[in-house]
Amino acid sequence: MEMKRNLFLAACCCLVIGNILAQSNNKFNSPARKLQLAEFAIANLYVDKVDEGKLVESAIVKMLEDLDPHSTYSDPEEVKRLNEPLVGNFDGIGIQFNMVTDTLFVIQPVSGGPSEKVGILAGDRIIEVNDTVIAGVKMSTDDVMRRLRGPKGSTVRVKVLRGGVRELLPFTIRRDKIPVYSLDASYMVDDHIGYIRINRFAATTGKEFADALHDLQKRGMKDLILDLQGNGGGYLNAAIDLCDQLLGARELIVYTEGRRNPRSEFKAKGDGDFQNGRLVVLVDEFSASASEIVSGAIQDWDRGIVVGRRTFGKGLVQRPIDLPDGSMIRLTVARYYTPSGRCIQKPYESVEQYNHDLIDRYNRGEMMSADSIHFPDSLKARTLKLGRTVYGGGGIMPDYFVPVDTTMYTDYYLKLRDKGAIVQFNIKLIDRHRKEWLKKYRTFDRFNRDFEVSDRMLKELVAMGEDMKIPFNEEQYKTALPLIKTQVKALLARDIWDMSEYFQVINTLSDSMRKAVELLSEPGMDFPRR
């Protein structure tokens, strides 16, 4: 009887497969029919039970892998995580935190956010979330975040350990929309040079940049350093919004073109608020996509000078295709081109070679010397106003090359950093001295001028390293000492004030920043002007 039933089911499957084949006369549809038939056969005839969802996902991933490095598939959870930094907000309790020795340490509550409103303070340690202990249990950061985040309006109960208080303090926090900022820092370098650093191009970037620009102009800014180092890109519209502040009316920002996508141009409105001051754009090998659109447009129109190292070379346009279950395909549909016609995208014939491109750049000396970079004449282009020579074929080559400086990154320093010794040391100092230092220095300017990381503090850091099985190396310690002291001071500035203050300190070690200030400080400098 069982055998008869199995034979009947097999016959039914063969009939269905036959019907699918019979409908496959249309040549255009035949590859899709073939895929459908294969999935149907595996799901219904394979010897063991299969997970159809995973089977289809694997097929999609494999198809996209054979196209280019940037066509990708994301499941529903990944889509949510990917969108949060770009959309500009998420639902949560509103804290900046570090996980230190399996304990959640509150660096700062978000100003005006849910945690600040109920009384959570910088330096607090969250021990319990909804009656579950999260301290000392080796819980991952993702697990902790999942417990703290939730829909707007929902509540979460936490218990907090606070310095000087014996018992745990209970708080009930009502979750709300928490802003995610794409602008890391803005400050005045001197009385006429402003600095703005953008970490990604998100939905709110245009407004954030405009607000920072206006604030700096009120403080006397005439010239600007725009820092796009490490900025991996984001929304095209955000890059266009930013360029609108810098370029003249009808000046082309970027154009896209693909097999099924005719040329589409994006031009500046010409009503921006920073069209005449001198401009330097900082880039490096991790500046990609939207960062390359901005720096390419600035360079092509001779609007400013690009300083740093050749950018990543990501000039493929992805179109998001939403699938019924909340998953998404990001499919490459076109390429980006700068106003002079340069293709931003570097070659990707071999995905393996593409993925190792930055390592190859290091190995052939490109990060240390501009002489190691060679472009064929076929990739040569001219800027649109001054006729300067620029090159396409993968990334934006800066006007002024700045080699990477790794001399202070000794093995001893890297062990202190990577094992978390510097971060834990910083938290101990903040725990101990936050109130004292705020009272003593009152303002960041005074802290920046007068505070020094003392020998006593450094001995404590070395001892902490030894407790973490990091053997002391005096020679490497001395080599890395300026970096260690600057990083500790920058982290303290961040935790007492904010990210702008962090970058004011850490940028004192940046050769690219030093070059930008030098260029803007020379009145006789041959500088592209409008």
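Mentor: Y46 is partly exposed, because its relative accessible area of 49% falls between the limits for buried (under 20%) and exposed (over 50%), found with a 1.4 Å probe and protein chains only. The model is a predicted one, in which local features need pLDDT of at least 70 and side-chain atom pairs 80 or more, while totals for chains, interfaces and linings use all residues. Residues are numbered from 1 along each chain as its sequence is written, and side-chain values use heavy atoms, without hydrogens or water.

Y46 lies in the loop that links α2 (30-45) to α3 (52-65), helices being DSSP runs of H or I with at least four residues and strands runs of E with at least two, numbered from the N terminus.

For the contrast, D227 in strand β12 (residues 223-227) counts as buried, at 0% relative accessibility. The side chain of D227 has a polar contact of 3.0 Å with that of R197, meaning N or O atoms within 3.5 Å, one able to donate a hydrogen and the other to accept it, with residues adjacent in sequence counted only for two side-chain atoms. Leaving aside residues up to four places away in sequence, D227 touches Y195, I196, R197, I198 and L282, with contact set at heavy atoms within 4.5 Å. C243 is likewise buried, at 0%.
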